[in-house]
Amino acid sequence: MSDSLKRTPLYEIHQRHGGKMIDFGGWELPVQYTGIIQEHHMVRGKAGIFDVSHMGEIEITGAKAQEFTRYLMTNDVTKLKDKQVQYTLMCYPDGGVVDDLLVYRFSEQHYLLVVNASNTDKDYQWILSHAPEGIQVANVSEQYAQIAVQGPKAQEILQKISDTDLSQIRFFWFEPQVKMAGIECMVSRTGYTGEDGFEIYLPAAQAAELWEKIIEAGGENIVPAGLGARDTLRFEAKLPLYGQELGPDITPLEAGLSTFVKLDSGDFIGRDALLKQRENQPMRTLVEFEMIGKGIPRSHYEVYKNGENIGYVTSGGHAPTLGKPMGLALVQSRWSEPGVDIEIMIRSKLIPARVTRGAFYKRPQK
Amino acid sequence: MKVPTDLLYTNEHEWLKVEGDRAILGITDFAQEHLGDIVFVELPELDAQVANGEAVAVVESVKAVASVYTPVSGKVMEINESLEDSPELLNQEPYEQFIAIIEMDDPSEVEELMTPEEYEQFCREQEQELG
């Protein structure tokens, strides 16, 4: 591996646990430990622990932090209460996406944004370039390690080493001060796997200690999981990935994320373009599809209808829980209805597929 | 990593077992290990005429797509259809599971292949390159 790759505070741990390290957007991170599929099933069935320390953290503070954050985001952060988390997007004036992220509200004057690792510098510069007098923007990514514990047994495992009743943290809420194994952490009930679970933020220096304590508390019920499983889990749950479902040339409305775009409650960057797109209907729509013929659809494969190229696959692959290949594609909107037969170009052959809806993984309700 | 001593090897990590003018083709332990969980195998057509160096099959893991090349020219006599339903067999027993059996046009082509010793050395070098 090149020396220029960045390492998280958990690098030594990954080596010790047999993690197979890869270059992930400039970070040296484990793609898997024992195997992607096994790790995937463990997270769906029990629990997995992920190092997500590469994620970026940007702090916005100041008397008018709320107003400013609202102006940056497609979602309405003014709806948040203290200790609440929101999924949102930041757009360019033309409606393309700068990044998708989580906003944590500590108070009306203090927000923490958790952004995609490879976008951290870009996001920071973007936010800084719009910040008015009296707003402080700080890239605090280096200070934090982040550990995600995901799966139906996540709460039970973490409760053993936690001083706080974790059942009191609801989905998309957080507690800024939780002691885990004696270590001061911030804990949110969030994740990127489609399962129940938590994301734990803590000082980089203590990350390795907490990781081992969680593994110990979890015993047979937890395994370390790598980026490979993180991707199959998020994909199977139809959670978007920046660079695939989202990007500067794809708007949130095209990506089917209009729930997170509040066009009727205050101005924000990109609003005019998105209002116009809503009126005219987007030309492209993100669809789910399943394969009828044999083959595995992959990112960037072309999609055809009646011999014409109508779009491309954004994410695709073998969905381990569903046990079959699935895909997401950005296609011309007129071909986006469930039941429409399409074809995927796989190695110069057109393979039949069909647009579906609701076929992706949903966590069973308790 | 296993490298059986009764087989020949390519630098694309295929193995070949030679029985007279029949060549049995598969992928090595190194190949399956580096691919990770294999979830799809596309086999050659039965009776197809294939040429030395041609991609005759595709093996896909969760993360990667890899072509399988034949190091010999000839006709596809047999394919391992069980891989279509159970591609993971290639992870479990790479040397028990063949991809195809080829009737060779020119059995002298196998002279170009690596011996087990050469292949083991080759893998060590690759490991170093991959870090």
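Visitor: Which residues have the most contacts inside the largest nonpolar core?
Guide: First, a caveat: this is a predicted model. The largest nonpolar core has 125 residues. Those with the most contacts inside it are V103(A), L113(A), I147(A), V149(A), I200(A) and A100(B).

Visitor: Which strand gives the most to this core?
Guide: Strand β6 of chain A, residues 97-107. Six residues of the core come from that strand.

Visitor: And where does this core lie relative to domain 1 and domain 2 of chain A?
Guide: Between them, because both give residues to it. Domain 1 is 11-52 + 143-236, and domain 2 is 283-366.

Visitor: Back to L113(A). What is it in contact with, leaving aside neighbours within four places in sequence?
Guide: I58(A), I60(A), L101(A) and V103(A). V103(A) is also on the list of residues with the most contacts in the core.

Visitor: What confidence does the predictor give the complex?
Guide: An ipTM of 0.90 and a pTM of 0.95. For chain B, the mean pLDDT is 96, and 99% of its residues reach 70 or more.

Visitor: Now chain B. What is the strand order in its open sheet of six strands?
Guide: β1-β2-β3-β9-β8-β5, with antiparallel pairing. β1 (8-9) and β5 (49-50) stand at the edges. Each has a single partner strand, so one side of each is left without a neighbour in the sheet.

Visitor: How many bridges join β2 to β3 there?
Guide: Six, between residues 14-19 and residues 22-27 of chain B. Within that pair, K17(B) stands opposite I24(B).

Visitor: Last one: S61(B). Buried or exposed?
Guide: Buried, because 26 other C-beta atoms lie within 10 Å, and the cut-off for buried is 20 or more. S61(B) lies in strand β6 of chain B, residues 55-61.

Visitor: What does S61(B) contact beyond its neighbours within four places in sequence?
Guide: L35(B), G36(B), D37(B), I38(B) and V39(B). As for P87(B), 26 residues apart from S61(B) along the chain, the C-alpha atoms are separated by 9.1 Å.

Methods
Residues numbered from 1 in each chain as written. Chains lettered and ligands numbered in written order. Predicted model: local features only at pLDDT ≥ 70, side-chain atom pairs only at ≥ 80, totals over all residues. Helix = DSSP H or I, 4+ residues; strand = E, 2+ residues; numbered from the N terminus. Buried ≥ 20, exposed ≤ 12 C-beta atoms within 10 Å, placed from the backbone. Contact = placed C-beta atoms within 7 Å. Core = buried A, V, L, I, M, F, W, Y, C linked by C-beta atoms within 7 Å. Domains from an automatic or database assignment. Pairing = 2+ DSSP bridges. pLDDT = per-residue confidence, 0-100.
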